[in-house]
Amino acid sequence: MSNDTRTPPGAASTPDALLRASGSRREFLRNSALTALAAGALGACKTRDDAPANNTQGKPSADGGASAANAAKGAKPGVHADSDLSGGSTAPHPDTVAVSTRANADAMDAMHEKGVKAFPAKTEGKGNQLMQPRVEKGVKVYEITAREIQWEVEPGKRVKAWAYNDQVPGPQIRVREGDRVRLVLKNELPESTSVHFHGVEVPNDQDGVPFITQPPVKPGESYTYEFTAPNPGSHMYHSHHNAAKQVGMGLLGAFVIEPRRQRAIERADVDYVMIINDGFHGYTINGKGFPATEPIVAKLGQKVRIRFMNEGMMIHPMHLHGMHMTVIDKDGWPQPAPWRCDTLNVAPGERWDVIVNCNNPGTWAFHCHILPHAESEHGMFGMVTALVVQK
Amino acid sequence: MSNDTRTPPGAASTPDALLRASGSRREFLRNSALTALAAGALGACKTRDDAPANNTQGKPSADGGASAANAAKGAKPGVHADSDLSGGSTAPHPDTVAVSTRANADAMDAMHEKGVKAFPAKTEGKGNQLMQPRVEKGVKVYEITAREIQWEVEPGKRVKAWAYNDQVPGPQIRVREGDRVRLVLKNELPESTSVHFHGVEVPNDQDGVPFITQPPVKPGESYTYEFTAPNPGSHMYHSHHNAAKQVGMGLLGAFVIEPRRQRAIERADVDYVMIINDGFHGYTINGKGFPATEPIVAKLGQKVRIRFMNEGMMIHPMHLHGMHMTVIDKDGWPQPAPWRCDTLNVAPGERWDVIVNCNNPGTWAFHCHILPHAESEHGMFGMVTALVVQK
Amino acid sequence: MSNDTRTPPGAASTPDALLRASGSRREFLRNSALTALAAGALGACKTRDDAPANNTQGKPSADGGASAANAAKGAKPGVHADSDLSGGSTAPHPDTVAVSTRANADAMDAMHEKGVKAFPAKTEGKGNQLMQPRVEKGVKVYEITAREIQWEVEPGKRVKAWAYNDQVPGPQIRVREGDRVRLVLKNELPESTSVHFHGVEVPNDQDGVPFITQPPVKPGESYTYEFTAPNPGSHMYHSHHNAAKQVGMGLLGAFVIEPRRQRAIERADVDYVMIINDGFHGYTINGKGFPATEPIVAKLGQKVRIRFMNEGMMIHPMHLHGMHMTVIDKDGWPQPAPWRCDTLNVAPGERWDVIVNCNNPGTWAFHCHILPHAESEHGMFGMVTALVVQK
């Protein structure tokens, strides 16, 4: 047993090579994500049974003392020069590591590995898809139907959801500052509902709060909102009726208003909306739990803009590995000066825009740092994704 | 049934007209709030049974397709030009909206409507009232008695509270930087207590922490604090003995120190202290749960300063509809530069001062965006109020 | 009974005198903390039975009316000039304060007092100790063994912990920007593990995420990390395998990278790492719950830098009494401009650096302002410590 378990697990550079070969981001995501990532990018560490012993990175040893000694000889990180460590002669002392302990560890690790290797896992349905409006006499018209669906949150886990156009989150709406926008809501839910444009400074009668600014939209009815897109930035739309339930069930989406003039600091090669949630569907990023979440992919040197939006009931301090985030906007409004962090606390209803300068190649974990939202004894789950920086 | 349910619900402009007619803010709140708001401002959407069909705003239809078609003709928001929708001929198809579904929706909506229409609901007792000190030889003297009372949190819901001068929150204390201040605490509680001036940089022996800076004040005893008001800003006073219980039970209040020189940015027409809490009395704003919370009222063009103070155990990201907030102070200290947001995360013990430039007329929901703190299937409750901007 | 209970409880200046006499900070903490603080600094309020009646500070009275009257005569804070209040003649009226109420209050207060007087309480084991590396050919080598230990969180409360080098938090690692650093992890746990350098922008293969950047380090095995210390600031190291459990059990520590050039604003006389946690060991500061937490000690006029790090699952808004904190860094990155507060919300995974200008002498409570994390009916516990500013 000790033999195969100390086989080096594969090169960390492999995923990048795979990704590099995969073409444009869109192409990558469409054609090769499942293959490349599942087989390589995030499953970089090959299984112990099939990996050749020819890679010197990240090689574990059974003997910390030997490692230290090797390190003293100028060994590289993760390298244990004592090559016979690959043999059976330095097996851990039975008193130190009992067979059952090792078997238990292996069993747990196998579950963890399985999750990572499955990422990004295929599930039915994709939320937060950019929606193309119908343009009528210069007005951008979005038709949104709210109805109950089954939603596959993670592979094999189907939940009841209330969705806009059968997506959780609902379709991503992107308009331009000054655009005339019309949203026609059709209610096919068993409850009344409404749409509130969270953060958008609409006229009062378009604010979507039943009994304050409009009547509830009854089951079977429709309702039309219309306004000129005012303050630019990362906003949201969601139900404002029985909202603790309805938003928790999925009636939410991104509403981005692009500014007439973009500031230099907000220019990015990749513009990614990340809606985090903790409603009835568990801990999710854009409607899916790991490993069904979607990786963000960029090339080395590119800039990624992430628009965090929290539609849940809890804070989620989102932590990016390997690179920092430069915070530029809060709720769509520019911060007085950009500031940097690697863990950004996003509270319910908040939106934060950050820029990541992708200067560190590799596949980087990106997750909520409330660890029980991201990992259990069965492996990573929930609010976990990755930022893949391709060389 | 279908007939009356599609009756237009009344003009959104009605409440402003009512409010406009109501005179000064104080007069409004004293004389007309219950009448005007209950009947109009926030009950703007008239009941379906009594509303005439002559208003074209916010009119629901039973047919989203027709709506879209109308919209295509250039119809205004919320308008469904197909006037026979008001008749019975386009009743929802029975397969789509069953009678029982509609009845259930109506029943739920009626509960929601009732809550909104009751706002601002009358309850016994009002906390956070500005306290006039007795001035003795240039010293502002505040006499504060802590004792157990019954407190009506929302209509008909009476809870046991521990209160300063029979108010939850306790009386609002406002002094000026440099003022000599004396607070005489009388303890009529069944437990010892103390007062800590949270955020106020008092001399150590006035800090109110039993066994560190003073003895506990026993039941039946009194204790006198005295200091010269130091750092200006939005501060608090509360018990610092058995505080998880005592503050949770209501022993807390605002302690505002006005600066000797006001910065231009902090000048406001309305200066509103908003103490949010989640203790034994449920989710409250200034000691009351919706619909017994108090609306903030301003005229179009005015500036409102809101001093958020969290005396609870949870974060509360406070979301204002329709307008943004400009954050100027944190814990009474100026931020290096003001910044804007519409959802401000307020953590326990924090104070945040914001300015709202009231440039968008109407009645705007203002609530914690942890939705279960603000709405249930029975309607809005807890941490909900409104900012009313009168034309 | 009434007699001794109104005996003045001792001067608040006493602790400072004691501390002043105690020499340097290190000497103080090593030699006299337990004696001086337990007997004086935080047990400043002598027990009622043994305190002489010669101190006029903080004297409670049984009669608020008399106090107010005295105050009107220009009495000083806490002083009740009516000296016969020290006698038995003004005992509380039996109807006001029943004997049983007073006895209950005394019993509760005794528990509270006992906790404060025990501070800083001696426990076995001290976490977060600065670790001296072995230097090999210019590389700073840290050998870290993860294993299960018993950890005394507070006096008499021993818990099972998973610890680095038998410390919770693990040894504090401090290197300099540009240093070559090697960390040799030896895993003596019954589970696989790994080390992630949270906030440190290491090369991808040193990032410590099993199955993404390395294999898990199995029980009995070792693993070597090596990199050149990149971005300076307050960072952390912790397990990134089964981390919700492993970090919760104690596998975490501070990883500070000192900058090549220190900014003027970050210079401090005392540099204190404060790791807050809420895992399986309860609410802790640097691995201990009050009264076993460690006070921070500075002299009047000194600057204290506090590096807050949250390794838990909840936010902790840390509140300092008596002085404000100037926030300079977030996650090791300078804020665009320093800003001030007295309550700093620290979310899981976040690090915040603040400077306290110690200009207000005394012993100041310093605690999480989610009060149930700091106090129960049995007294202060958990996330409570003190900043002692010595005259």
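User: What makes β19 and β22 of chain C a pair of strands, and in which sense do they run, parallel or antiparallel?

Analyst: In this predicted model, strand β19 (residues 362–368) of chain C and β22(C) are joined by six bridges in the antiparallel sense. Two strands count as paired if there are at least two bridges between them, so these two qualify. Within this pairing, A365(C) stands opposite A386(C) in β22(C).

User: Which other strand is joined to β22(C), and how do the two run?

Analyst: Strand β12 (residues 296–299) of chain C is joined to β22(C) by four bridges, and these two strands run parallel. The bridge partner of A298(C) in β22(C) is V389(C). Strands of a sheet pair through backbone hydrogen bonds, and this can happen in either the parallel or the antiparallel sense.

User: How do you know that β22(C) is mostly covered?

Analyst: Seven of the seven residues of strand β22 (residues 384–390) of chain C are buried, where buried means under 20% relative accessible area. Both faces are covered: V384(C), A386(C), V388(C) and Q390(C) are buried on one side, while T385(C), L387(C) and V389(C) are buried on the other.

User: Why are β12 and β17 of chain B said to stand at the edges?

Analyst: Five strands of chain B form an open sheet in the order β12-β22-β19-β14-β17, with mixed pairing. β12 (296–299) and β17 (343–346) of chain B each have a single partner strand, so one side of each is left without a neighbour in the sheet, and that is what places them at the edges. From one strand to the next, the twist averages 20°.

User: Which strands are the edge strands in the open sheet of six strands in chain A?

Analyst: That sheet has the order β11-β10-β13-β18-β15-β16 (chain A), again with mixed pairing. Its edge strands are β11 (284–285) and β16 (333–341) of chain A, as each pairs on one side only. Further inside the order, strand β15 (residues 325–330) of chain A and strand β18 (residues 351–357) of chain A pair in the antiparallel sense over four bridges, with K330(A) opposite W352(A).

User: How do you know that the length of helix α5 of chain A is close to what is expected?

Analyst: Helix α5 (residues 99–118) of chain A has 20 residues and reaches 28 Å from its first C-alpha to its last, which is close to the 28 Å expected at 1.5 Å a residue.

User: Why are the buried residues of α5(A) said to be on the same side?

Analyst: The buried residues are T101(A), R102(A), A105(A), M108(A), D109(A), H112(A), E113(A), G115(A) and V116(A). They cover an arc of only 155° around the axis, which puts them on the same side of α5(A). An α-helix has 3.6 residues a turn, so residues three or four places apart point the same way. The face turned away from the buried side of α5(A) carries the exposed residues V99(A), N104(A) and K114(A).

Definitions and conventions:
Residues are numbered from 1 along each chain as its sequence is written. Chains are lettered from A and ligands numbered from 1 in the order in which they are written. This is a predicted model: local features need pLDDT of at least 70, side-chain atom pairs count only at pLDDT 80 or more; totals for chains, interfaces and linings use all residues. Side-chain values use heavy atoms; hydrogens and water are left out. The expected span of a helix is 1.5 Å times one less than its number of residues. Buried means under 20% relative accessible area, exposed over 50%, partly exposed in between (1.4 Å probe, protein chains only). The arc is that of the directions from the helix axis to the C-beta atoms. Axes are lines fitted to C-alpha atoms, for helices over the stretch in contact, and angles run from 0 to 180 degrees between N-to-C directions.
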